[in-house]
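Colleague: I am new to this model and would like a close look at one part of it, taken slowly. Could you start from a single residue and work outwards to what surrounds it?

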Amino acid sequence: MEILQGCDLSGKVVIVTGANSGIGFETAKSFALHGAYVILACRNMSRASDAVQHILAEWHKAKVEAMTLDLASLHSVQHFAEAFKSKNVPLHILICNAAVFALPWSMTEDDLESTFQVNYLGNFYLVQLLQDVLCRSSPARVVMVSSESHRFTDIKDSSGKLDFSLLSPSKKEYWAMLAYNRSKLCNILFSNELNRRLSPHGVTSNAVHPGTMMYSSLHRNWWVYTLLFTLARPFTKSMLTSLNGIDT
C-alpha cells in the first residue's frame, strides 16, 4: 500500500497468479485497493474466494474476482486464457507469481516434472496465450517472480553443453532444490527474451527477486524447510519489501 500510495490505477486490468496468499495476495490487494480490476488466478478456488472477500472487506468497491488456474495442467491454462479473453477486456499487468517449492518428485497430467511445469512452463504457456491481448493493451507489462537461487544451478551437462533433459528430470535424477533453482533460471531467461521481443510493441517484461529469506508458505511441502523457515521468520523481510520490486 505504501509503494502505490498516490497511484490511481482505475481502468487498469491486472492478473496475479497464486494470489490467494503470501506475496501474490498482498500484490493483488494493493492493486485492487488502488482502483485496478484484479483477477486472482488460483488453483484452489475456496482459498481464492476467501482472498477476494478479505479484499472486499477492506474496500467494498474493489473490482476483484477469482478465476481457476492450475499451472500443473496445460489444459487448465488454456481454459483460463480462453475464459479471460471472453471477457473482452484489456490486460495491462500480468504477474506470474505462482510457484511450488520442495515438492517430492511427481509428474503432471502432461507427463512433465511438476516443479518445472508449475514454476516455468505453465507460466510460459500462459504468457504466450495472452500475448496478443497484452500487445493490444500496450503499454503493458509482464512480471516474472524469480529468485536469487537461480544463480546456484545451470542447464548444462558435464561437457558444458545445454542439456534440456535436466529441466524435467526422471525420479532417479531429481533433487527438489535443483529443480526449483532451474525453474527460476528459466523464468529469468524467458523474461529477458520476452522483453527483447515485445518491448518494441509496448510490452515490457521484468523478473524480480521477492526478497532474501522472505517468509511465505512455499516451504509447506517438507517439514525440514518448514522448521528452517520458522526459525528464520524473525529475521525475514516483510511483504512490503517484495512489492518494491513490482513497480507499476
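Modeller: Met67 lies in strand S3, where strands (E, at least two residues) and helices (H or I, at least four) are DSSP runs numbered from the N terminus. Residues are numbered from 1 along each chain as its sequence is written. This is a predicted model, in which local features need pLDDT of at least 70 and side-chain atom pairs count only at pLDDT 80 or more, while totals for chains, interfaces and linings use all residues; side-chain values use heavy atoms, with hydrogens and water left out.

Met67 is buried, with a relative accessible area of 9%; buried means under 20% relative accessible area, exposed over 50%, and partly exposed in between, for a 1.4 Å probe and protein chains only. Setting aside its neighbours within four places in sequence, Met67 is in contact with Ile39, Leu40, Ala41, Cys42, Met45, Phe80, Ala83, Phe84 and Lys87, contact meaning heavy atoms within 4.5 Å.

Ser76, Val77, Phe80, Ala81 and Phe84 are the buried residues of H3. They cover an arc of only 135 degrees around the axis, which puts them on the same side of H3; the arc is that of the directions from the helix axis to the C-beta atoms. In general, an α-helix has 3.6 residues a turn, so residues three or four places apart point the same way.

What do the buried residues of H3 pack against? Their partners are strand S1 (13-17), strand S2 (37-42), strand S3 (63-68) and helix H4 (114-136). The packing of H3 and H4 is at an angle of about 30 degrees, with their axes 10 Å apart; axes are lines fitted to C-alpha atoms, for helices over the stretch in contact, and angles run from 0 to 180 degrees between N-to-C directions. H3 and H4 are therefore roughly parallel to each other, since angles under 35 degrees count as roughly parallel, over 145 as roughly antiparallel, 65 to 115 as roughly perpendicular and the rest as oblique. H3 passes H4 in a right-handed crossing, and the contact is made by Leu74, Val77, Gln78, Phe80, Ala81, Phe84 and Lys85 on the H3 side, with Gln117, Gly122, Tyr125, Leu126, Leu129, Leu130, Asp132 and Val133 on the H4 side. A crossing is right-handed if the near helix is turned clockwise from the far one by less than a right angle, and left-handed if anticlockwise.

The loops beside these two helices hold some backbone details. Asn88 is in the loop between H3 and strand S4 (93-96), and its phi is near 55 degrees, a positive value in a residue other than glycine; Asn88 is exposed, with a relative accessible area of 69%. In the loop between S4 and H4 lies Asp111, whose phi, near 65 degrees, is again a positive value in a residue other than glycine; Asp111 is exposed, with a relative accessible area of 58%. Beyond H4, in the loop between H4 and strand S5 (140-145), is Pro139, joined to Ser138 by a cis peptide bond with omega about 5 degrees.

Strand S5 also contains Met144, which is buried, with a relative accessible area of 1%. Not counting residues up to four places away in sequence, Met144 touches Cys96, Asn123, Asn187, Phe190, Ser191, Asn206, Ala207 and Val208.

As for the whole, the chain has seven helices and six strands, and of its 248 residues 50% count as buried. Among contacts between residues at least 6 apart in sequence, 74% join residues at least 24 apart.
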